[in-house]
Amino acid sequence: MEAGTQIKKYRNDMKLSQEELAEKIYVSRQTISNWETGKNYPDIHSLLLLSTLFNVSLDQIIKGDVEIMKEEIKETEIKKLNHYGAVFSILLAATMVSAVPLALWLHVYAIIPWGILFGITMFFCIKVERIKKDNHIHTYKEIVAFSEGRRLDELTQQQEIGKRPYQQFLLAVGSGLITLIVCLVLAWLLG
């Protein structure tokens, strides 16, 4: 990787030891060593700090490593989508299941804890939707492909774009029905 070579070159030009450079960009000396030997690759925050410290552009540091960076950014986005999606799913289930028990236990005051839980759930929903929007993924097939680190071919992509309006409507109706059924079953079981 070129970035490691460039980091070492600029570090030597400034007559900095690995430890001195590490202190200036808030990482360990071992991290600098790993970058310079190509074992690891600096994250975007570290690259920005290096660029500022060396007074060079990011292009000069990464020279040819753009594809590697794109892959790392994509991998980070995939991890974020999977993490936020899992948290959102758990919170959504908790929000649906807790409505009736809270109402029976706290009566009118149930709206407070349920509202807080709902707010947190919507926060993670917005996080998931932002990642989907930033990566132009909307349909189930696109999400699965993105989660696996691949893109759909052009024909499949166009087919999926055609499905988007229908899927949004069906998703809204399906979510409402599932919530209604869960609430009715819980009311019946606890009533």
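**Figure 1. Helix H6 gives the largest share of the lining of the largest pocket, 10 residues.** The model shown here and in the other views is predicted. The largest pocket holds about 980 Å³ of space. Its lining is built from 32 residues, and those closest to the pocket centre are Phe88, Leu92, Glu129, Leu171 and Ser175. Four elements each supply two or more lining residues: helix H6 (66-106), helix H7 (111-134), helix H8 (140-147) and helix H9 (154-190). By class, 18 of the lining residues are nonpolar, 12 are polar and 2 are charged.

**Figure 2. Helix H2 packs against helix H3 at an angle of about 110°.** H2 covers residues 18-25 and H3 covers residues 29-37. Their axes lie 8 Å apart. Angles of 65 to 115 degrees count as roughly perpendicular, so H2 is roughly perpendicular to H3. On the H2 side, the contact is made by Gln18, Glu19, Leu21, Ala22 and Ile25. H3 contributes Arg29, Ile32, Ser33, Trp35 and Glu36. Sorted by class, the residues of this contact are 5 nonpolar, 2 polar and 3 charged.

**Figure 3. Asn135 sits in the loop between H7 and H8.** Asn135 has a relative accessibility of 13%. Buried means under 20%, so Asn135 counts as buried. Leaving aside residues up to four places away in sequence, Asn135 touches Glu77, Phe146 and Arg151.

Technical notes
Residues are numbered from 1 along each chain as its sequence is written. This is a predicted model: local features need pLDDT of at least 70, side-chain atom pairs count only at pLDDT 80 or more; totals for chains, interfaces and linings use all residues. Side-chain values use heavy atoms; hydrogens and water are left out. On a 1 Å grid over the protein atoms alone, a cavity is a set of points where a 1.4 Å probe fits but cannot get out, and a pocket is an open set with protein on both sides within 12 Å along at least five of seven lines; lining residues have an atom within 4 Å of a point. Grid points are joined across faces, edges and corners, and a volume is the space filled by probe spheres set on the points. Ala, Val, Leu, Ile, Met, Phe, Trp, Tyr, Cys and Pro count as nonpolar, Asp, Glu, Lys and Arg as charged, and the others, Gly among them, as polar. Axes are lines fitted to C-alpha atoms, for helices over the stretch in contact, and angles run from 0 to 180 degrees between N-to-C directions. Angles under 35 degrees count as roughly parallel, over 145 as roughly antiparallel, 65 to 115 as roughly perpendicular and the rest as oblique. Contact means heavy atoms within 4.5 Å. Buried means under 20% relative accessible area, exposed over 50%, partly exposed in between (1.4 Å probe, protein chains only).
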